Amino acid sequence: MSAVSYEQFQAELAPCVLHEPADGYAPVPVTERLAQAIWFDQRLKRDGLQTADGRRVRVVSPGWWNLEAGPDFRRAVIAFDDTKPRLGDVEVHLHSADWHQHGHTRDRLYDDVILHVALWQRGGQPATTAAGRALPQLVMADQLDAPLDELYDSIDPGNYPYDLDSHVGACEPPLKSASPETIAALLEDAGLARLRAKARRLTRWIQRAGIEQALYAAVMEALGFKHNKEPMRRLAELLPVARLRELPATQAQALLLGVAGFLPERTVAGRDDATRRHVKRLWDVWWKARDEFAGAALSRDAWRLAGLRPANFPWRRLAAVAQLLAEHWELWPKIAAALASQPEPKRAARLAALFTDLEDTYWSRRFSFASKPQPEAELLIGAARACDIVVNVSLPAAVAQGRLLDQPALVQSAEKIFTGHPPLESNALVRFTAHRLFGQRVPPRLLRTAARQQGLLQIFHDFCLNDRSACQRCRFPEMARQFESRQPGP
Ligand code: SF4
């Protein structure tokens, strides 16, 4: 067997094209990441930039470097000819033919692309979206602001997108000069605003459907994080808590898995005894109920399973919900008890334990109907997701209930837990916003609570997401200055 090198893996992951410089020096390897960095830094002759079909292009913002599935840059702002600047996504490739070769023509994630950028023209077929919309194409090779080999020398793709002090927002200078206490207070304030906004949303749900349905729907939505929120929401509507409450867990599980479209065929030949028995138990319930949901039940296609860790598969989450609703099904009294428990510092942990403690005899050791039993039990709802539910559902619900029931102590208790809660798992949006606001030197202790993280996300939603001016007309830098000037002195 021939040896395989790490460099071979790299070449498979990020194919590169060897470019021969005009000066005769060694060829330079050009990767798609380099092309993306050129676009991100706009190393282009910006006056006179044109699409392949001759339209003038003015790039107000190259967009945000996207580290998730979908186009390379989100929310770019681009004007074509004399039209008003448009907001949309940008996809960057080495060659123009790559749009088709990478299958974007059929991929709905690329529906909002407004410009296809290629380093080199190769392949004549125009790029189109899944809806058949033809995309303007910009070929960079003849419009670079320096020879490609010089750009290769000056750009280190390993620094992108976060190890850079460029691409920070216009709010970075005022935040840089603010004291750590001011920044912490500003983020906590924004975090509390987010908590209260979530409480207002839940208040409406509670008024419409009652506290238990509101909590159940919100927990289901949180368990759908992040690509399955919609089917989870739909499931919570099709199977309201009133339909599931007080059912033995197996019955609730059969209904949830049946309506979700996850139940396997009744005959599961070849699977182990425990699986055959479990599937039979579920079908014993489901065959009597399925007519009730004819035409409404979800299909497996409604769910996005690609990229999920097996422990996070939605059927395991639904088994957890079935346990949550079985016996003593009401969740609010349990949350209220945890909020009032002693000692105070343990309250957040008690709230999380309502979810991490859930077990199911079959699913605690299985990832799917096809998998072998695991030697060790695996939590149905892991600690990170449970904390997420505490911060995003249980505490906002407590604030909402506190207001509705005129119990200010409940609101205070929830807000206190919120401001002291350890940070949730970081994600691309938190890192992105932290970089925009603070550059590469994010003060180390800055995001040490969930409230401050949430504050960062709130600023992103209130300001960055609404900005179409590459920060030029954003009011946040001025507001940050005002916030600092109003802070009490030392
Ligand atoms: S849009 Fe506003 S808040 Fe966002 S990075 Fe720019 S200046 Fe900062």
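Student: Hi! What covers the buried residues of H17?

Tutor: Hi! This is a predicted model, and in it the cover over the buried residues of H17 includes strand E4 (64-65), helix H5 (172-177) and helix H18 (450-462).

Student: Nice. How many residues of H17 are buried?

Tutor: 8 of its 11, so to speak a mostly covered helix. The buried ones are Val 430, Phe 432, Thr 433, Ala 434, His 435, Arg 436, Leu 437 and Phe 438.

Student: And what follows H17?

Tutor: Gly 439 does, with a positive phi near 70°.

Student: Switching to the ligand: which helices each supply at least two residues of the shell?

Tutor: Our H17 (428-438) is one, and helix H19 (476-485) is the other one named.

Student: Which residues come nearest to the ligand?

Tutor: Gly 169, Cys 171, Cys 464, Cys 471 and Cys 474, out of 13 residues around the ligand.

Student: How does that shell split by class, nonpolar, polar and charged?

Tutor: The shell has 10 nonpolar residues, 1 polar and 2 charged.

Student: New topic, Gln 42. Where is Gln 42 found?

Tutor: In the loop that runs between helix H2 (32-41) and strand E3 (57-61).

Student: Why is Gln 42 called partly exposed?

Tutor: Because 13 other C-beta atoms lie within 10 Å; a residue with 12 or fewer would be exposed, and one with 20 or more would be buried.

Student: What does Gln 42 touch?

Tutor: Leaving aside residues up to four places away in sequence, Gln 42 touches Val 59 and Pro 62.

Student: And what separates Gln 42 from Leu 256?

Tutor: Their C-alpha atoms are separated by 50 Å, and the two residues are 214 apart along the chain.

Notes. Residues are numbered from 1 along each chain as its sequence is written. This is a predicted model: local features need pLDDT of at least 70, side-chain atom pairs count only at pLDDT 80 or more; totals for chains, interfaces and linings use all residues. A residue is near a molecule or strand if its C-beta atom, placed from the backbone, lies within 6 Å of it. Helices (H or I, at least four residues) and strands (E, at least two) are DSSP runs, numbered from the N terminus. Ala, Val, Leu, Ile, Met, Phe, Trp, Tyr, Cys and Pro count as nonpolar, Asp, Glu, Lys and Arg as charged, and the others, Gly among them, as polar. Two residues are in contact if their C-beta atoms, placed from the backbone, lie within 7 Å.
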